Amino acid sequence: MRAARLIRMALLIQSSPGLTAAALARELDVSERTVIRDAQALQEAGVPVRSERGRTGGYHLAPGYRTRLTTLHPTEAETLFLSGLPTALRDLGLSDAADTARLKLTATLLPSVRAAAEASVRRFHLDAPAWFREPATPELLPELARAVWSDRAVELAYARPGRDGSPPSSVSRVVEPYGLVLKAGTWYVVARLRGGDGPGGGWRTYRVDRVTALSPAPGGRETFVRDADFDLAAHWEARSYDFARSLLRTTVTVRLTVWGLGRLPAVVDGAAVGDALASASAPDAAGLVTLDLPAESEDVAYDQLARLGADAEVLAPASLRARFRARAAALTALYERGAEGC
């Protein structure tokens, strides 16, 4: 790895002349003594690195010298398109490649253009995951990403969620992975079933964190020929709404106050809101509205509707209503005990 570090050091000095040994040590995650040794190694390799003292000192290259290390590796070039998504790069295992690519690019820029690029980094940052959640990186994501880059078909095992509280079932599929999508902190793979003769052309979308195993496609036919007309962004836009709706496998009948109805879009899935509002009855004498709410499962509906408190009353299914009744009884018992323990 020392060779890669020496390249990074030369690029750092070229793109930011005057960096001190301490600054280089921080960038390279090494000691200052290692920086001094690496500078000597670069000199011995013919790179005219020199150290200057004083207020404008630090490490410089000889005037007019430019390294010839700025040709981008294909992986580095690919990561430039994701450079605004540091979390995505980390998940995909491409952080180091992206850092090196940016250094190579910076080293080729004129000082005025370099300053503009650095200013944009200081002013803009994209944080994809939603609030109040700590997304975990799916274990098989880097391996799946390599299959996407290289157009390799794979056989994946997938934990398909059960319905109405039933346990998930494991299914196996041989797919051609066309692309990865990061949506609100969750990774999805868009893939085509091997053969492409299923409903909708055989296209499927899988949550990567539910992929439990990954192996090369059987039969020695790993590489597939990508459809040149496939547009990942357009495909996702067209299919994502239908995909979200496909997850809504349970219907809950609920009675809401005016306030609860207004809060509904903030606590349930967006794909469910339209159908729920379309099914809403006219307000009764008390101003309450009854509607059928699609949900992924009873567990999800319980978590969502609990945020509305007494402004939502579950009417069906009976099992979910019983859960809310038990919760209400537990809360009542807790607060009727008084504050003796406080």
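Biologist: Is R194 buried, exposed or partly exposed?
Modeller: This is a predicted model, where local features need pLDDT of at least 70, side-chain atom pairs count only at pLDDT 80 or more, and totals for chains, interfaces and linings use all residues. Residues are numbered from 1 along each chain as its sequence is written, and side-chain values use heavy atoms, with hydrogens and water left out. Buried means under 20% relative accessible area, exposed over 50%, partly exposed in between (1.4 Å probe, protein chains only). R194 has a relative accessible area of 22%, so it is partly exposed.

Biologist: Which residue forms a salt bridge with R194?
Modeller: A salt bridge is a side-chain nitrogen of Lys or Arg within 4 Å of a carboxyl oxygen of Asp or Glu. Here the closest N and O atoms are 3.1 Å apart. The partner of R194 is E176.

Biologist: Is E176 buried or exposed?
Modeller: Its relative accessibility is 13%. E176 therefore counts as buried.

Biologist: Which residue meets R5 in a salt bridge?
Modeller: The N to O distance is 2.7 Å. The two side chains that meet are those of R5 and D38.

Biologist: Is D38 buried or exposed?
Modeller: R5 is at 21% relative accessibility, so R5 counts as partly exposed. D38 is at 1%. That makes D38 buried.

Biologist: Which residue is linked with R255 and E313 in a network of salt bridges?
Modeller: The structure holds nine salt bridges. In the network, R255 and E313 are joined by R321.
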